Amino acid sequence: MRWLEGKLGYILLAGALVINICLQGTGFFTVDSIGALFSSNLPLLMAALAQTIIMAAGGIDISIGNTIAMSNGIIIVCLNTYGMSFLGSSLAAIAAGTAIGLVNGIVIAYFRVPPLLVTFAMSTFIKGLSLMILPKPGGNVPAEVYRAYGGTVLMIPTALFILIAVSALLILMGKFRITNHMTAIGSNERNAYVSGVRVEVVKMTAYAAGGLIAALAGVCLTALTATGDVRNGESFALQSIAAVIIGGMLGSGKWKNYILGAVSGALFLAVINNIVFYAFSYISINYPGIQISTYYQQLLSNFIIIFGLMSKVLVERKKRRRVR
Amino acid sequence: MSKIQSKIRRQELILVGITLALLLAGCMINGQFLRPANIANILIMASLLGFVASGQTLVVLSGNDGLDLSVGGVMSLGAVAAYIIMDGSNGNLLKAFFIVLLVGAAVGLFNALGIVFAKIPALVMTLAVSNALTSVQQLITGGNPTGAPSPAASRLATSKAVSFLPWLTVIWIILIFAMYLLLTRSTYGKQLYAVGSNERAAVLSGIQSRKIRIYTYIICGMLSAFAGFWLCAYNGVIYVNAGASYVMPSVAAVVIGGTSIAGGKGSYNGTAAGTIILTMISSLLVMMDTNEAGKYMMNGVILLVLLVIYTRHPKIRQ
C-alpha cells in the first residue's frame with residue numbers, strides 16, 4: 001500500500017465525507033449546511049494551522065488551547081469593559097497571543113528546555129492569566145459580528161472564505177526563506193544548524209507565528225460563541241495535535257504539505273463529529289424506543305480519533321524489523 | 001564517573017535546599033505551618049501525588065519521549081470504580097482493589113498498543129485516551145457516581161500512625177522502597193534504564209525493548225489506578241474526573257526530581273523529593289490565600305523557573 005503514503009489525511013477525509021453524505025442526504029450540499037460545518041469548526045481548523053507551523057519546525061505547543069481561551073477573554077473584556085471596537089479588541093488579543101508565543105519561543109529556543117514541558121507550564125500560567133482577565137463567563141459581542149461570521153461573502157460562507165484566505169496566505173509564505181528554514185529544522189535540527197540556519201531565531205519565529213494564529217482562532221471562537229468563557233478553548237490543544245498527525249504530513253519536509261495536511265486532518269475531525277451526530281439522530285428518529293445517552297456520542301468520537309491516529313500504521317511502509 | 005556522581009549529589013543538595021527554604025518560608029508566613037496536623041496534611045497530599053508520580057517516573061525513564069498524560073484519567077476511573085464496587089461495605093474491599101488494578105492495567109496496555117505498535121507519540125495517545133476515559137466515567141456513572149468507600153479503607157486512609165505521620169504516608173514509604181528495589185535490583189529495572197538511555201544499544205545486547213516499554217505502561221496504569229483507589233478512600237466522595245488535577249503535578253514532580261525527560265536517567269527518590277516540594281508550594285499558596293487565578297499563575301511561573309534550572313539541553317554545537 002505504498003501509494004497511500006503521505007495521502008492518508010485526504011483518504012480519511014474523503015471516506016468520512018462519503019459516510020457523512022450518505023447519512024445526511026443531499027441536504028449536505030446546501031450553502032447553509034456547509035456554512036454551518038465550517039463556521040462551527042473554524043476555530044479548530046485555525047488551531048490546527050497554528051500547531052502545524054510549530055510542528056513543522058520540530059516543536060509542539062500544548063498551550064494553544066489556553067491561548068485561544070485567553071484571546072476569547074481579552075476580546076470580551078475589551079468590548080464590554082473598555083468599550084473598544086471588535087477590530088480593536090481582536091488586535092489586542094492577537095498581540096497578546098503573539099507575545100505568549102514569543103515567550104514560549106524564547107524559553108524553548110534560547111534556554112533549550114523541552115517544548116512539551118515549557119508549553120505545559122505556560123498553559124497553566126495562561127489559564128491563571130485568563131481567569132484573572134475574565135473571572136466569570138459572560139459578556140456579548142455586537143450582533144453584526146456573529147451575523148457576518150455566520151453569513152456569506154460572494155455566495156461563499158464567511159468561515160470557508162476566511163479559511164481559504166488564511167491557508168492560501170500560509171502556502172504563499174512557503175516562498176520565503178524562513179519557512180524553508182523551519183522545515184529544515186523540523187527534519188533535522190543538527191543538519192540545519194550545520195548548514196547555517198539560525199536555529200534559535202527561526203524556532204522563536206515559529207512559536208510566535210503559532211501564537212498569532214492561535215489568537216486568530218480565538219477571534220473566530222468569539223465570533224462563533226458570541227460570549228466569553230475562558231474554559232472554552234482548552235480542548236483545542238489535543239484536537240489540533242491530533243489533526244496534524246491524522247493529516248499525515250509530518251516529516252514530509254514540504255511546507256505546503258504541512259498546511260494542507262493540517263486542514264484535512266482538522267476537517268476529518270469536524271466531519272466525524274457531524275457523522276456521529278447524524279448517526280445518533282438517525283437512530284433516535286427511526287427507532288423511537290431506543291434511548292442513547294449523549295455520553296456515547298462523546299465516547300464514539302473519542303475512539304474514532306484514537307483509531308484515526310492509529311490508522312497511520314496501515315499505510316506505513318513495512319520495514320524489516322531491525323535496529324535503526 | 002566521579003563527575004557524574006558529584007553532579008547527582010549536587011542535585012540532591014539542591015532538592016534538600018529547596019525543601020528547607022520552603023519550610024523556612026512557611027514558618028515566616030504562618031507560624032502554624034510546622035504544626036503536626038499541617039505536616040500530616042501535606043504528607044497525605046504528597047503521598048497521593050507520589051503514587052501517581054511513581055508510574056510517571058517509570059514511563060519517563062523508558063525514553064522515546066515517553067510521557068503518560070492519562071494518569072489522571074486512570075486515577076479518576078480507578079476512584080470511580082472503587083467507589084461503586086466497594087459501596088460502603090468491607091466485604092467488597094479486596095474485590096474492588098483487584099478490579100481497580102486490573103482496570104489500570106487494561107488502560108495501560110491500550111496505551112502501550114498505540115504507542116509501541118502504532119507509533120503514535122506518547123503525549124498524543126495518552127491525551128486522547130484520557131479524554132476517552134472521561135466519557136467512560138460519565139457513561140458508567142451517568143455523570144453522578146453513587147457509592148461509598150468501605151469503612152476499613154477510609155479509616156486506614158484518614159488515620160495517622162504518629163501525630164504527624166499518616167498511614168497513607170507509611171504506604172508511600174513502602175512504595176518508595178519497593179520502587180528503589182525495582183529500579184536498582186531487578187532485571188526489569190536494569191533493562192528499563194538501558195532502553196531509556198539508548199534503545200539501539202539495548203536491542204543489540206538482546207533486550208526486548210518493546211516488551212519493556214509495554215510492561216512500563218501497564219505498570220504505570222496499575223499504579224495510577226492504585227492512587228485512584230486511595231483517593232476514593234481518603235476523599236470519601238468521588239466525582240467524575242476527580243484525579244484530573246494530578247496530571248500536571250505528576251510530570252512536574254518527575255522533572256523536578258531530576259529525571260531526564262529524554263529517559264534513562266533519574267530515580268524515584270528524586271521524584272519523591274519533587275512531590276514533597278510541589279505539595280509544599282501549593283500548601284503555601286493556600287496559606288497565602290491566593291485566589292484560583294493567582295494559584296495557576298504562580299504554579300506556571302514556578303514550574304517554568306524549575307524547568308529552566310533543571311532540564312536545559314546542551315548547546316546544539318556540542
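Predicted model: local features only at pLDDT ≥ 70, side-chain atom pairs only at ≥ 80, totals over all residues.
Let's start with the chains one at a time. Chain A is built from 14 helices and two strands. Picture a box drawn along its principal axes: the C-alpha atoms of chain A fill roughly 65 × 60 × 40 Å. How does the radius of gyration of chain A compare with that of a compact globule? For 324 residues, the globule value would be near 20 Å, and chain A has 20 Å, so the two agree. Inside chain A, 53% of the 324 residues count as buried. Now think about which residues touch each other. If you take the contacts in chain A with a separation of 6 or more, 80% of them come from residues 24 or more positions apart.

Chain B has 13 helices and two strands. Its C-alpha atoms fill a box of roughly 55 × 50 × 35 Å, again taken along the principal axes. The globule check works here too: a compact globule of 318 residues would have a radius of gyration near 20 Å, and the 19 Å of chain B agrees with that. Of those 318 residues in chain B, 50% count as buried. As for contacts with a separation of 6 or more, residues 24 or more positions apart account for 78% of them in chain B.

Next, how do the two chains meet?

Now let's zoom in on how helices pack inside chain A. Two packed helices are described by the angle between their axes and the distance between the axes. Take α3(A) and helix α5 (residues 115-133) of chain A: their axes come within 9 Å and cross at roughly 15°. Angles under 35 degrees count as roughly parallel, so α3(A) is roughly parallel to α5(A). The crossing of α3(A) past α5(A) is left-handed. If you want to find this contact in the structure, look on α3(A) for A:N66, A:T67, A:A69, A:M70, A:G73, A:I74 and A:V77, and on α5(A) for A:S123, A:I126, A:K127, A:L129, A:S130 and A:I133. By class, these residues are seven nonpolar, five polar and one charged.

A second pair in chain A has another arrangement. Here α4(A) and helix α10 (residues 199-225) of chain A pack at an angle of about 150°, with their axes 7 Å apart. An angle over 145 degrees counts as roughly antiparallel, which means that α4(A) is roughly antiparallel to α10(A). The crossing of α4(A) past α10(A) is right-handed. The residues of this contact divide into 18 nonpolar, nine polar and two charged.

A:T81 sits in the loop between α3 (64-80) and α4 (86-110) of chain A. Is A:T81 buried or exposed? It counts as exposed, because it has 11 C-beta neighbours inside 10 Å and the cut-off for exposed is 12 or fewer. From A:T81 to A:A95 is 14 residues along the chain, and their C-alpha atoms are separated by 18 Å.

Most residues other than glycine have a negative phi. A:R112, however, is not a glycine and has a positive phi of about 55°. You'll find A:R112 in the loop between α4 and α5 of chain A. With 15 other C-beta atoms within 10 Å, A:R112 is partly exposed. Over in chain B, B:N241 is not a glycine either, and has a positive phi of about 65°. This residue lies in the loop between α10 (209-235) and α11 of chain B. B:N241 counts as partly exposed, because it has 19 C-beta neighbours inside 10 Å, while buried would take 20 or more.

Technical notes: Residues numbered from 1 in each chain as written. Chains lettered and ligands numbered in written order. Helix = DSSP H or I, 4+ residues; strand = E, 2+ residues; numbered from the N terminus. Axes fitted to C-alpha atoms, helices over the stretch in contact; angles between N-to-C directions. Parallel < 35°, antiparallel > 145°, perpendicular 65-115°, else oblique. Left-handed = near helix turned anticlockwise from the far one by under 90°. Contact = placed C-beta atoms within 7 Å. Nonpolar A, V, L, I, M, F, W, Y, C, P; charged D, E, K, R; others polar. Rg over C-alpha atoms; globule rule 2.2 N^0.38 Å.
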